[in-house]
Amino acid sequence: MDRKISRRDFMDGMAVAVGGAVAAGALSGCSAGSWGGIHNEVVNPPDGWNYAGAGNRSYPPAMTGLRGSTNPAMRVPHELRDGIYWAGGKPVEDTGERYDLIVVGAGISGLSAAHFYKQKKPDAKILILDNHDEFGGHARRNEFQANGKPLVGYGGSQSIEAPTVWSPVAKKLLSDLGVQLQKFNTYYNQNFNKQWKLNDSEFFTRDLFNQDYLAVMEGDTQTAKSLANAPMSGQAKAAYLTLQNKPADYMAGMTPDQKKQKLVDLTYKEYLQDYAKMPAEVLNYLQTFTSDEWGFGIDAFGALDSWALEYPGFAGLKVDRGTTPNRYCGPTVQIQWNEDDPYIYHFPDGNYGLCKLMIGQLIPNTGAPENMDAEPLARIDYSKLDVAGNDVRLRLNAPCVRVQHKDGLLNADEVEVDFDRGGKVYRAHAGHVVMACYNTMIPYLMQDLPKDQKQNLFFGTKLPIVYAMVQLRNWEAWEKLKIYHTRFTSGDWVVAELDYPVSFPDYQFSKDPSQPILVHMIRMATAPGYRNPRGGIGPGRRDLFARPFSEYERTIRDQLTRLLAAGGFDPAKDIQAITVNRWGHGYALEYGRPWATFWPDGPLPSVLGRRPFGRVTIANSDSENRAYADAAIDAAWRAVNQMA
């Protein structure tokens, strides 16, 4: 809604340093060495291993409570990680099933791989396995009921971002699915904020400043007026406004090329602190500025990418961006260099809509939508996803536990795929396998992979993140305060925002402040204080899994009340339902300077890790070191075309 800076998808891929450091990495924990945390004991979740949220398990989208990577979905992967799954031995029952292709992972990449393979071989038999009770991976639907009608939101991958720079393959997939992007020009109400006079805002939190304070911007910009009563000193306010509006040349004496080269080696915080000489109050105020977009704060985000994205403080350098990106900019910054798409290409349930459309083409009689207009209200019958006789079968609650070539021979004409169902191990057979799961899980599933390939796959550990959807009785408090979005300077949740104003022919967004609405909240769980963001992943992930739903609920209620109380908000009567989508392995950490010293010249862990192994190829956006839906699609295309 009128944001200059786009929101981002959920995605996969990561980096810090490669070469000797990676080659020497310990194969333990959720990733290599201490970056993902070494696990020397089994940790039980406070909600219990069987807790998967609240509601009817036969229709997962409508379940509330703690969702996403639920405890049942993570139990077997964690037992494999901790080396206890196979303890004592487990018999394997051969199902006798034989497929042309087995796909491990039912997210955007896995479903895309099945789609591309089916296009090449229309008569192919395909099995898709996933450890969750839901398909879509991080593309997740959160469905509520309001006044007897569905109220739909997203619990993960948000939107079709920057489609003009998608690859021809990814664009063609949209076309194959019947996605007509031009329809969003009218389906998405681009005048919503102007119509209701709503603004962006920032919330100063009392743990960093001497009191809570909501600073309502003028549009999407802070001004002397909007900051007049903010709990910062006059010096800090003046310093920030100068940084935003009339920054000086903080690198005077350097040539433009020298300035850019210096930015390569700095974080955004280091630039603000050491060159712009911003006081500590301003650094605290801006710490979460990059968090919801990139997954970590300004203490780890690169100064060069901050300059390229036109964040505050760089205009005075007089360094021309030019028509082509700097080679040291991160991959997405480079790809989207000249892109100017509006952020409007959004199904009510985010990119889960793409997954539902793929299900409709892959598996008959599931209730999947026949076209994009039918998507919001189409209701999947989950009992029809895994039906004997169908060319394509999708098997949920079936974590893969082992993938190996027949008789352990790399030149075998068959791959054996073992999966868990209810604690028992079953085996299916395939001519080819696409691993479209978290790349960090692959070394646990394929013990015969070369050591160096395992180590590079471990390198792709992802950022922990939580997306919450909160159903409100109305949005009158937001309208009274004249805000649609806020960034918190600290706290459990870094963002709270009204859902995107998108309506379809048979599904309408809230038309009036008195009507129910969904509020999206983002928690960035990567621990701060690390110049290399990989350092914060292990601590953040352990904190994330150690929290019961009640703790998430408490902080949601607390921060929304502090934000909205002046508008008459009462959490006891205004909050009607909460779904918390917990992703221990969520956002990808894209390669970028200064911490990814191997970028862009390589060798890149993602490239080294994704190489084919016999009849097994590797997809997922982890393998593309880019954290967007189009990267997941491109990875699927590559994996299908790499098959021997």
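Let's start with Arg81, which is buried, with a relative accessible area of 14%. That counts as buried because the cut-off is under 20%. Please keep in mind that we are looking at a predicted model. So who does Arg81 pair with? Its side chain meets that of Asp82 in a salt bridge, at 2.8 Å from N to O.

For anyone new to this kind of contact, side chains of opposite charge can pair when their charged atoms come close. How many salt bridges does the structure hold? There are 40, and I'd like to walk you through a few of them.

Next, please find Arg487 and Glu202. These two form a salt bridge as well, and their closest N and O atoms are 2.8 Å apart. Now look at where they sit: Glu202 belongs to strand β6, residues 199–204, while Arg487 belongs to strand β13, residues 483–488, so this pair ties together parts that lie 285 residues apart in sequence. Are they buried or exposed? Both Arg487 and Glu202 are buried.

Let's move on to Arg206 and Asp212. Here the closest N and O atoms of the salt bridge are 3.2 Å apart. Arg206 has 48% relative accessibility and counts as partly exposed. Asp212, at 21%, counts as partly exposed too.

Note on methods
Residues are numbered from 1 along each chain as its sequence is written. This is a predicted model: local features need pLDDT of at least 70, side-chain atom pairs count only at pLDDT 80 or more; totals for chains, interfaces and linings use all residues. Side-chain values use heavy atoms; hydrogens and water are left out. A salt bridge is a side-chain nitrogen of Lys or Arg within 4 Å of a carboxyl oxygen of Asp or Glu. Buried means under 20% relative accessible area, exposed over 50%, partly exposed in between (1.4 Å probe, protein chains only). Helices (H or I, at least four residues) and strands (E, at least two) are DSSP runs, numbered from the N terminus.
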